[in-house]
Amino acid sequence: MILIDGLPPTEADLTYLALVNYGAYTSFRVEDGGVRGLGHHLGRLDAYAVALFGEPVGEGALRDCIRAALADRRDAWLRVSLFSPDIWSRTPSARVRPKVMTALSPPPPPLATSVRLQVQTYAREEAHIKHTAIFGLIRARRLAREAGHDDALFADTDGLISEGSSWNIGFLSGDTVVWPQAPMLAGVTQILIDRGLAGVGMTSVTRPIRTSDIPTFDGAFLCNSATPACPITAIDGHAFQTSSEVIERLAAAWALSPPEPI
């Protein structure tokens, strides 16, 4: 079910969305009426509004749109997107409060129970923004699967690792999570895992990681809003034996952040 600013979409809005791919979004699971990391989701959406459209939406207005989308539902998957029909390729300069589109659906399953990755030389435009220009991400995942892998891991021309097609990656060195330092999206799930690591007896560091460093790690995992922690079994030709116990600890670290009320 799609609403725009809490109301049924107009034909003009849907036409714009079908023709113009300029905007940003976030997506998350609603659990018993709450959302893990909701403050982070709303904060970055408002930052995206200012960066892409010149004006904020405001946390209160975003919450109103979420409540309208959910109605009396307590469990769901929700995508919240920002767009403006005032911005087209020939008229890109409008400074305007963006519209808020909510798309409600059943919660999806995790991405996978394990994944094999192919390194691809790629970087998203404006990597710190979760924007709607996802051609490159779908194309990367498609090419990886055609080559016999499950998904794509991105690195620059110097081999500096950043992120995956729709997720963050963490490497494991004993009880330490090593996060890549590179232009990338700081995912909310990554933030929540990092916040909870001390509670499960783990620590973290963030530093540059290159593809040549991959064999030095004990394991690796990916994470996003639908997948708190999924083991990576191989990156190109290097295999990992990431223990299920570590994956369970990472998921437990994520779960230490309870759902925030909407």
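Predicted model: local features only at pLDDT ≥ 70, side-chain atom pairs only at ≥ 80, totals over all residues.

Colleague: What makes the side chains of Arg 124 and Glu 163 a polar contact?

Modeller: The limit for such a pair of N or O atoms is 3.5 Å, and the two side chains meet at 2.9 Å. The pair therefore falls within the limit and is called a polar contact.

Colleague: Why is Arg 124 called buried?

Modeller: Buried means under 20% relative accessible area. Arg 124 has 12% relative accessibility, so the residue counts as buried. Arg 124 is placed in the loop between strand 6 and helix 4. Among the residues that Arg 124 touches are His 131, Leu 137, Met 184 and Leu 185.

Colleague: Which residues of helix 4 are buried, and how do you know that they are on the same side?

Modeller: Gly 136, Leu 137, Ala 140 and Ala 144 are the buried residues in helix 4. They cover an arc of only 100° around the axis, and therefore lie on the same side of helix 4. Strand 6 (115-121) and strand 7 (151-155) are included in what covers these buried residues. Exposed on the other side of helix 4 are Phe 135, Ile 138, Arg 142, Arg 145 and Glu 146.

Colleague: How does the reach of helix 4 compare with what is expected?

Modeller: Helix 4, residues 135-146, has 12 residues. From first C-alpha to last it reaches 16 Å, close to the 16 Å expected at 1.5 Å a residue. Just after helix 4, Gly 148 has a positive phi of about 95°.

Key. Residues numbered from 1 in each chain as written. Heavy atoms only, no water. Helix = DSSP H or I, 4+ residues; strand = E, 2+ residues; numbered from the N terminus. Expected span 1.5 Å × (residues − 1). Buried < 20%, exposed > 50% of the residue type's maximum accessible area, 1.4 Å probe, protein only. Arc of directions from axis to C-beta. Contact = heavy atoms within 4.5 Å. Polar contact = N/O pair within 3.5 Å; in protein donor to acceptor, adjacent residues only side chain to side chain. Lists of a residue's contacts leave out its neighbours within four places in sequence.
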